[in-house]
Amino acid sequence: MKFLSIVQLTFRESLAKKTFIAFMGISTFICLLFIFALNVDIVDGMQSGLSIFGKEVSNQIDLTKIIYGIEGGLSVLLYTAGIFLSLFATSNLIPTLLKPGFVDLFISKPVSRFQILSGRFLGSILIVALNIFYLVIFSGLILSIKTGIWNFGFLWAAVIIVLSFLVLFSLMTFLSVISKNGPLSLMVTYLILFFSPLLLARDKIYALLSSKYFGYFFDGLYYALPKTAEMGAITQFLARGVPIDSWMPLWSSLLFAVVMLGLSGYIFQRKSF
Amino acid sequence: MYTVETFDLTKHYSGGKVKALTNCNIRVEEGRIFGLLGPNGAGKTTLVKTLLGIIHPTGGSAKVLGQPITDYHIHNKIGYLAENHRFPEFLNARQILLYYGKMSGLSKETLSRKIPELLELVNLSDWADVKTHKYSKGMAQRLGLAHALINDPDLIFLDEPTDGIDPVGRKEIRDLLLKLRTEGKTIFLNSHQLSEVERISDEIAILKNGNVLQIGRVDDFISVKSQYQLQIQNGTLSFSELCAGLNIPVLQAEDHYTVTVEDERHLNRLIDKLRAEKVLIKSIVPRKITLEDYFIDVIEEGEAL
Ligand SMILES: Nc1ncnc2c1ncn2[C@@H]1O[C@H](COP(=O)(O)OP(=O)(O)O)[C@@H](O)[C@H]1O
Ligand SMILES: [Mg+2]
């Protein structure tokens with residue numbers, strides 16, 4: 001109950017920021033677009049013709065491809081723009097918590113500091129998860145009901161997107177706890193987000209390195225930091241029904257999140273406000 | 001059991017350069033109003049925040065309600081009005097009391113009964129549904145007070161509670177605190193304004209530069225030194241010499257002397273001496289020093305620290 005109220009308050013605070021309302025609005029717009037752009041003619045209980053954005057689609061195999069393609073595209077959109085915006089919209093939730101006069105009120109309640117920080121963290125994750133699942137479930141349902149093609153990979157893609165956000169948000173939380181500076185934490189997190197594809201392609205620059213130790217260094221960075229590029233690929237593959245060869249990028253990134261949260265909790269615990 | 005007890009509690013910042021609080025030893029008895037006085041920057045807020053676990057001490061230890069300050073569970077019996085507190089601005093008073101009440105572990109049912117009562121108590125009923133960013137400083141302060149009372153606490157810390165509140169509101173707050181004391185609650189009151197504390201506190205501590213300079217009952221403060229104003233018929237006798245013989249410091253004014261004696265017996269020895277010398281005593285008046293004079297005295301004496 002006490003813990004839940006911290007989660008609820010964070011949730012309420014995010015809603016007050018309106019960014020998430022805008023987010024919901026865009027999602028709703030996309031779904032409405034599907035409702036009207038997707039035209040299925042049912043003749044004698046059988047599907048006789050289908051058009052998407054005015055283009056006729058003739059056979060069932062093409063249709064499946066198109067639906068998986070749309071859902072793959074949506075998950076890429078959510079993975080990139082969705083996470084980008086979510087990080088932006090949540091970037092001041094932790095720094096606000098740490099403001100003098102605000103954090104005092106939490107600490108003076110019968111809750112542990114660990115509960116305060118994790119409640120705040122969970123609240124932030126929940127609001128983003130709500131937004132992502134809203135679009136995925138709503139648009140997925142429209143597409144599936146209209147065409148009869150059910151793609152549960154799309155739902156799993158949403159789970160990966162939320163987990164990827166969680167990983168990056170844990171980094172941002174850590175940075176906020178040490179710097180108390182929202183914009184700075186956001187920028188560094190963006191940097192890591194964009195650095196990931198470069199690290200993934202590190203073998204391309206190995207030939208240029210003067211020493212093999214630089215190679216080890218980049219390997220180390222690759223394994224230590226969140227693997228956002230590969231998690232993006234996993235998301236897209238799941239949505240398009242492509243088998244995944246390795247889950248390593250996911251679990252190693254989650255491990256990173258656990259370490260970040262542990263460190264954040266430890267530092268928050270020892271801080272005076 | 002003391003509700004608050006500190007043992008050489010110390011908080012230094014920047015590796016000892018800023019001594020916010022040094023070897024603080026205070027005890028607050030149950031059911032009392034304890035006033036912590038001191039100029040700005042004295043360390044009052046530091047002390048209260050340390051007692052609540054918001055600031056970690058760099059030395060010493062303390063207990064609140066019999067528990068070490070590291071035990072956050074005890075906070076369910078504590079209320080706190082922070083100096084410059086900051087509530088989420090997108091919420092109204094009712095919602096704030098609801099969220100923070102839940103955080104104190106109260107049930108929805110208790111809160112739905114308690115919230116209107118408290119809003120009434122601090123005169124915010126008409127503003128209950130207005131978002132707090134529209135509140136004046138005084139209203140925010142009254143909401144803070146309601147928030148501090150939401151869990152029906154045994155011990156209440158109030159850090160500059162009358163800040164930004166007009167004289168009428170101040171009187172209301174003082175009356176409220178006195179009423180809370182009759183309910184057996186202990187109140188720990190921080191203020192840099194003597195007049196706020198003087199009238200209602202049972203006990204006072206004066207803090208300066210992180211050091212407790214004086215601690216005691218309000219009456220004790222004034223009667224630490226007994227001073228009397230004496231008017232006598234001037235004769236041949238040297239009053240100053242006579243006092244010097246009794247080890248009594250004297251100040252001479254135009255029409256009277258002011259003597260500082262240890263106690264009444266000491267004063268009577270002086271009277272005996274004067275009568276033995278056949279000096280006519282016109283009047284003896286105990287000199288009242290206001291707590292304010294005393295406060296300023298102590299603060300200035302503490303200047304050396
Ligand atoms: N975080 C901090 N870092 C360094 N010095 C601090 C910090 N917080 C308070 N101080 C210093 O500690 C002293 C006591 O401050 P405070 O407890 O707020 O005094 P008061 O409440 O009596 O006005 C002041 O000199 C203040 O500048
Ligand atoms: Mg203060």
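By class, how many nonpolar, polar and charged residues does the shell around ligand 1 have? I will come to that in a moment, after a word on the model itself. This is a predicted model, in which local features need pLDDT of at least 70 and side-chain atom pairs count only at pLDDT 80 or more, while totals for chains, interfaces and linings use all residues. Residues are numbered from 1 along each chain as its sequence is written, chains are lettered from A and ligands numbered from 1 in the order in which they are written, and side-chain values use heavy atoms, with hydrogens and water left out.

To the shell, then: it has five nonpolar, five polar and one charged residues, where Ala, Val, Leu, Ile, Met, Phe, Trp, Tyr, Cys and Pro count as nonpolar, Asp, Glu, Lys and Arg as charged, and the others, Gly among them, as polar. The residues around ligand 1, that is, those with a heavy atom within 4 Å of it, include B:Y13, B:V18, B:P39 and B:T46. Helix 1 of chain B supplies the largest share, three residues, and the elements that give two or more are strand 2 (18-24) and this helix (44-51); helices (H or I, at least four residues) and strands (E, at least two) are DSSP runs, numbered from the N terminus.

Let me turn to the two chains. Their contact (heavy atoms within 4.5 Å) takes 29 residues from chain B and 29 residues from chain A. Together they bury about 2,700 Å², 64% of it on carbon and sulfur atoms, buried area being the accessible area (1.4 Å probe) that two parts lose on being put together, summed over both. On the chain B side, B:R86, B:F90 and B:M103 lose the most area to chain A, together 27% of what that side buries.

There is one salt bridge between the chains, a side-chain nitrogen of Lys or Arg within 4 Å of a carboxyl oxygen of Asp or Glu, and A:D104 and B:K49 form it at 3.4 Å, N to O. Helix 2 (residues 93-103) of chain B gives the most to the side of chain B that touches chain A, with five residues.
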